[in-house]
Amino acid sequence: MPNIVLFSGSSHHDLSQKVADRLGLELGKVITKKFSNQETCVEIGESVRGEDVYIVQSGCGEINDNLMELLIMINACKIASSSRVTAVIPCFPYARQDKKDKSRAPISAKLVANMLSVAGADHIITMDLHASQIQGFFDIAVDNLYAEPAVLQWIRENIPEWKNSCIVSPDAGGAKRVTSIADRLNVEFALIHKERKKANEVDRMVLVGDVKDRVAILVDDMADTCGTICHAADKLIDAGAIKVYAILTHGIFSGPAISRINNAPFEAVVVTNTIPQEEKMKSCPKIQVIDISMILAEAIRRTHNGESVSYLFSHVPLHSAIMSDKPNLEEVASFDKTKLKKTETQEKNPLPTKETIEQEKKATS
């Protein structure tokens, strides 16, 4: 099996570093810059010949520049004789342009898929695609991971009244998502039907379901200008909900989003860190972040080792690859290293992790 190299694009270096830390790796050396005419320049600073390369680049910030940077990095690694190039794209760019909904409209998500394939990507790892059919736009393997297990864990740990809650979808397109979460929590679900006059502008909303005297939890895959979820929150309060939470995978928060959230009746707006949120959290105390770096790290580890990734569709992985997650010295002394086959991560990190010790205990009991 070839060795593994992890590179970070410039869109979300903090997430890339967390993924690298959980895998016990150092980020590969790469310099990304722009010429004076704004052309993107990428310099790969180490050999990737025969290596299994993973490039982490999220579709956020300067989306077009970051997409071009990703394409150039993929191509640079491919023509430098890397064994396989995997693009790890936590938030897939142009995912909302996935169908021809009016005359002469482009299907930009398909165009992005073609560009990634032509650049030389062999595999795509992404999270909560806006539309699952985008996977069919590719002729290469696509792993669409889900934030749902992490969302369920957050709900159970942070909402004391979650057993008296109602999971609500702010639009008809998210019905499948909320029914899945509601079934796993064994609670009710509701749906808000919205009618739009034009993009990013909701005309009216109709609530289908009962949220009276319950905690309403709005769940969606992304929030951009936040007009929909803020209108939905007002609708739920009017319908008798005692508290309203919003849980979103991709918090884009463009335009008037932050001011709308501050003025809306949310207890908390929870997003994952597929997109950097540090600056937005400073101006909006309601925003909380779920770290999904462990899901991406485990997906990379399983892909590299040729293991199944489907476990991650319904489970949050344990922090098995965190190098700083060391057990106490007594546990280390009593641990028999010969009982478990060493993985590549353990070779780099000879001390056993907490999960490794738990595995050894289960194996011998």
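**From the sheet to the core**

Start with Val 88, which stands opposite Ile 125 in β6. This is a predicted model. Strand β5 covers residues 84-89, and strand β6 covers residues 123-127. The two pair in the parallel sense, over four bridges.

Now widen the view. Five strands make up an open sheet, and their order is β1-β4-β5-β6-β7. The pairing is parallel. Strands β1 (4-8) and β7 (141-145) stand at the edges. Each has a single partner strand, so one side of each is left without a neighbour in the sheet. From one strand to the next, the twist averages 15 degrees. Helix α1 (residues 13-23) packs on this sheet. The helix touches β1 and β4 (52-56), and its direction makes about 160 degrees with that of β1.

The largest nonpolar core has 46 residues. Those with the most contacts inside it are Leu 6, Leu 145, Ile 155, Ile 167 and Ile 300. Helix α9 (residues 293-304) gives the most to this core, with six residues.

What does Ile 300 touch, leaving aside its neighbours within four places in sequence? The contacts are Ile 4, Leu 6, Val 19, Leu 23, Tyr 54, Val 88 and Ile 125. Val 88 and Ile 125 bring us back to the opposing pair we started from.

Follow β5 onward to the loop between β5 and α3 (108-119), where Pro 93 lies. Is Pro 93 buried or exposed? Its relative accessible area is 6%, so Pro 93 is buried; the limit for that label is under 20%. Pro 93 and His 130 are 37 residues apart in sequence. In space they are 9.9 Å apart, C-alpha to C-alpha.

Finally, check the backbone. Most residues other than glycine have a negative phi. Ser 81 has a positive phi of about 70 degrees, although it is not a glycine. Ser 81 is in the loop between α2 (63-78) and β5. Cys 226 also has a positive phi, near 70 degrees. Cys 226 is in the loop between β11 (215-223) and α6 (227-238).

Cys 226 has a relative accessible area of 4%, so it is buried.

How values were computed:
Residues numbered from 1 in each chain as written. Predicted model: local features only at pLDDT ≥ 70, side-chain atom pairs only at ≥ 80, totals over all residues. Heavy atoms only, no water. Core = buried A, V, L, I, M, F, W, Y, C linked by side-chain atoms within 4.5 Å. Buried < 20%, exposed > 50% of the residue type's maximum accessible area, 1.4 Å probe, protein only. Contact = heavy atoms within 4.5 Å. Pairing = 2+ DSSP bridges. Axes fitted to C-alpha atoms, helices over the stretch in contact; angles between N-to-C directions.
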